[in-house]
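I opened my notebook beside the viewer and jotted down what I looked up. Here are the entries, in the order I made them.

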Amino acid sequence: MESSTTPGGRTRREATRQKLYEAAVTLIAEQGFSATTVDEIAERAGVAKGTVYYNFASKSVLFEELLRHGVGLLTASLREAAERTAAAGGGKVDALDAMIRAGLVFIDRYPSFTQLYVAELWRTNRAWQSTLMVVRQEAVAVVEGVLREGVDNGEFSDEIDVPLTAAALVGMVLVAALDWQAFQPERSLDDVHSALSRLLQGRVSGRR
C-alpha cells in the first residue's frame, strides 16, 4: 500500500480511488451499470486498467464502495450540520433545517451520485443491496438522533414516529433536490432550501 501523500494530505491511493469513484459515477449515470466497462472507467479516470483492479476486485466491488463512500460523505455532512447548530445554541428544528440545507448542498455538488443512489434504492437484485441498506440507515440514523433529542427535551411531540419521520425528511430532500435539478434548474439553492424550510416548520397552511 502506498503511503506518499498529496499536497492536500490524502494518500496517493485515496486520490486514485477518488478519481475512480468520479469516473464510475459519471459513466454509470450516463449509460448504466451493465453497459459501463472497467476499461471505460480507467480511461475516464486517466489510469491504467490494472489500477482499477489494484484498488477494487471488480466493477461490482467498485460500485459498492462508491455507494458506501458517497453516502458516507452525505452522512458526515448531515452530522456536521447538526453539531454546528448545537454548538451555536440552536434548537432541534434549527438542526433539522441546517441538515436539510447540508443535504441540498451535497446533492447540488454530487448530482450524478444522488441519481444513482436513489435509483439503486428501488432495486432488489443487486449484490450490494445489503450494503446500500446499511449505509442508508446510517444517514437516516443521524436525523433520527436529532428527532429523539427533540422529543426528549419537549421540542417535538412524543407522538411522532421517529424512524418514519426521519426517513421522510431524508426522502423529501432527495426527491425535491432531484426535481429541482431536472425540472426547475433556474431556482437557486437558497430558494429551494427556503421552500423545504417552510414545510419543516409547518408554515404551508397559512397559519403563523
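Which residue follows helix 9, and is its phi positive or negative? I found Gly202 there, with a positive phi near 65°.

**Ground rules.** I am working with a predicted model, where local features need pLDDT of at least 70, side-chain atom pairs count only at pLDDT 80 or more, and totals for chains, interfaces and linings use all residues. Residues are numbered from 1 along each chain as its sequence is written, and side-chain values use heavy atoms, with hydrogens and water left out.

**The whole chain.** I counted 9 helices and 0 strands in the protein chain; helices (H or I, at least four residues) and strands (E, at least two) are DSSP runs, numbered from the N terminus. The C-alpha trace spans about 60 × 35 × 35 Å along its principal axes. Of the 208 residues, 38% count as buried, where buried means under 20% relative accessible area, exposed over 50% and partly exposed in between (1.4 Å probe, protein chains only). I also looked at contacts (heavy atoms within 4.5 Å): among those between residues at least 6 apart in sequence, 61% join residues at least 24 apart.

**Helix 9.** I checked the length of helix 9 (residues 189-200): at 1.5 Å a residue its 12 residues should span 16 Å, and the end C-alpha atoms are 16 Å apart, which agrees. The expected span is 1.5 Å times one less than the number of residues. Leu189, Val192, His193, Leu196 and Ser197 are its buried residues. They cover an arc of only 140° around the axis, so they sit on the same side of helix 9; the arc is that of the directions from the helix axis to the C-beta atoms. Their cover includes helix 5 (92-109) and helix 8 (162-183).

**Helix 5.** I went to helix 5 next. Its 18 residues should span 26 Å at 1.5 Å a residue, and its end C-alpha atoms are 25 Å apart, which agrees. Its buried residues include Lys92, Asp97, Met99, Gly103 and Phe106. What do the buried residues of helix 5 pack against? I noted helix 4 (59-87), helix 6 (111-121), helix 7, helix 8 and helix 9.

**Gln129.** My last stop was Gln129, in helix 7 (residues 129-152). Is Gln129 buried or exposed? Gln129 has a relative accessible area of 15%, so I put it down as buried. Leaving aside neighbours within four places in sequence, Gln129 is in contact with Glu120, Leu121, Arg123 and Thr124.
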